[in-house]
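Please go through the packing of this model with the report below.

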Amino acid sequence: MQRPLYGRIESMSEKPTTTFYIFHGDDSLTRDEAVAKLRTSMGGDSNADLNTSEFEGDSASVPEIINAVSSYPFLSDRRLVIVKGLIGWLTRKGAGQAGKQGVEKLLEELPNLPPYARLVLVEREALSDKDKLVQLAGSHPNGYVKAFVAPKDATAWIQKRAHSEYNAQIENRAASALSDLVGDDLRRADNELAKLVSFVGEGNAITEDAVAALTPYVPEANIFEMVDALAAGQGKKALELLHRLMHEKDRDAFSLFGMIIRQFRLLLLAKEHLTTGGAPGTIASALSVAPFTAQKLAQQSRSFNILQLEKILRALLDYDLKMKTGRIDPDLALDLFVASVTR
């Protein structure tokens, strides 16, 4: 059974005491929250500040760090030292002998830290399970290691976060829409969640309409819907969506055309990816888009062949140029574009 992450200094009979931690991974939000909880465990008085130190791994030496965390605390029962990027700095390419010696020094000193010590090594990137320091923290009774990995699809994370942090419910479609908007930026997802919880009010579920009202999700969602309408030959519906997009919130025609061009460029790339043997499940990584967007691209690309998409993209670029040079009215450009695709 894993020991609690945070806790007081136990008596000799209640050992082991966690004296060194390794937090690593690209989920900066929950990783930083874990560090913040350790800070909070120090207390809120001035003595806590006196017994808390921070270092950057690329400018502090291992002996300096060990000395800081081993110094007896002042009017407190523990001393907290937080070091960012030390392991990555010591093991980077080009660190040479100095890096190896730093790692060896840590391997030697970490198991022998005094019971009042709390050393937290924070790494912005994920570390290998084969890393010697990771293995030490995972196996030693006084060590603790945790990987904080941002999910590729944040939908489930958003639903869990809404419940655990805000005591709120978010519908599946709403969570999927928000995930598509933020990608793997969990800090942004949390900020958007906080706004949405306040917007819908206590006790009310967050809906897709709420996400649409408070975020830039609507334009992208309507672009997807517009492409579906074009593929089905529904010119009237496609035009209604495009004109709504252009006139809501005073959006200019140039930014709208930019969004449409981007969508059809992605569709062409997705189609090429699939026709050359790529799998639908690898579109997200191949095109650097969110999983939800990749799923829509895979679905919509089935309605077009490569020649059609190339023709549409050339027409869009031509209309875009004519708009920017004043040779065509934006509304007329939209009408002609939709007519050319759906005729």
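Helices (H or I, at least four residues) and strands (E, at least two) are DSSP runs, numbered from the N terminus. The model is predicted: local features need pLDDT of at least 70, side-chain atom pairs count only at pLDDT 80 or more, and totals for chains, interfaces and linings use all residues. Residues are numbered from 1 along each chain as its sequence is written, and side-chain values use heavy atoms, with hydrogens and water left out.

**Helices H7 and H8**

Two packed helices are described by the angle between their axes and the distance between the axes. Helix H7 spans residues 155-166 and helix H8 residues 172-182. They pack at an angle of about 115°, with axes 8 Å apart. Here axes are lines fitted to C-alpha atoms, for helices over the stretch in contact, and angles run from 0 to 180 degrees between N-to-C directions. The crossing of H7 and H8 is right-handed; that is, the near helix is turned clockwise from the far one by less than a right angle. H7 contributes Thr-155, Ile-158 and Gln-159 to the contact. H8 contributes Asn-172, Ala-175, Ser-176, Leu-178 and Ser-179. Contact means heavy atoms within 4.5 Å. By class, the contact has 3 nonpolar, 5 polar and no charged residues. In this scheme Ala, Val, Leu, Ile, Met, Phe, Trp, Tyr, Cys and Pro are nonpolar, Asp, Glu, Lys and Arg are charged, and the others, Gly among them, are polar.

Gln-159 sits in H7. Beyond its neighbours within four places in sequence, Gln-159 contacts Ile-170, Glu-171, Asn-172 and Ala-175. Its side chain makes a polar contact of 2.5 Å with the side chain of Asn-172. A polar contact is a pair of N or O atoms within 3.5 Å; within protein, one must be able to donate a hydrogen and the other to accept it, and residues adjacent in sequence count only if both atoms are side-chain atoms. Gln-159 and Glu-171 are 12 residues apart in sequence and 8.0 Å apart in space, C-alpha to C-alpha.

**Accessibility of single residues**

Buried means under 20% relative accessible area, exposed over 50%, and partly exposed in between (1.4 Å probe, protein chains only).

| Residue | Relative accessible area | Class |
|---|---|---|
| Tyr-21 | 3% | buried |
| Arg-31 | 7% | buried |
| Lys-296 | 16% | buried |
| Gln-159 | 26% | partly exposed |
| Phe-74 | 48% | partly exposed |

Arg-31 belongs to helix H1 (residues 28-40). Its side chain has a polar contact of 3.4 Å with that of Asp-32. Not counting residues up to four places away in sequence, Arg-31 touches Phe-23, Gly-25, Val-122, Glu-123, Arg-124 and Phe-148.

Lys-296 lies in helix H15 (residues 291-301). Neighbours within four places aside, Lys-296 contacts Phe-224 and Asp-228.

Tyr-21 is in strand E1 (residues 20-24). Tyr-21 and Leu-110 are 89 residues apart in sequence and 9.7 Å apart in space, C-alpha to C-alpha.

Which residues of helix H3 (residues 62-70) are buried? They are Val-62, Ile-65, Ile-66, Ala-68 and Val-69. These residues lie on the same side of H3 because they cover an arc of only 160° around the axis. The arc is that of the directions from the helix axis to the C-beta atoms. The buried residues of H3 pack against strands E2 (52-56), E3 (79-84) and E4 (117-123), and against helices H4 (86-90) and H5 (96-109).

Phe-74 is in the loop between H3 and E3. Leaving aside neighbours within four places in sequence, Phe-74 contacts Asn-47, Leu-50, Asn-51 and Arg-79.
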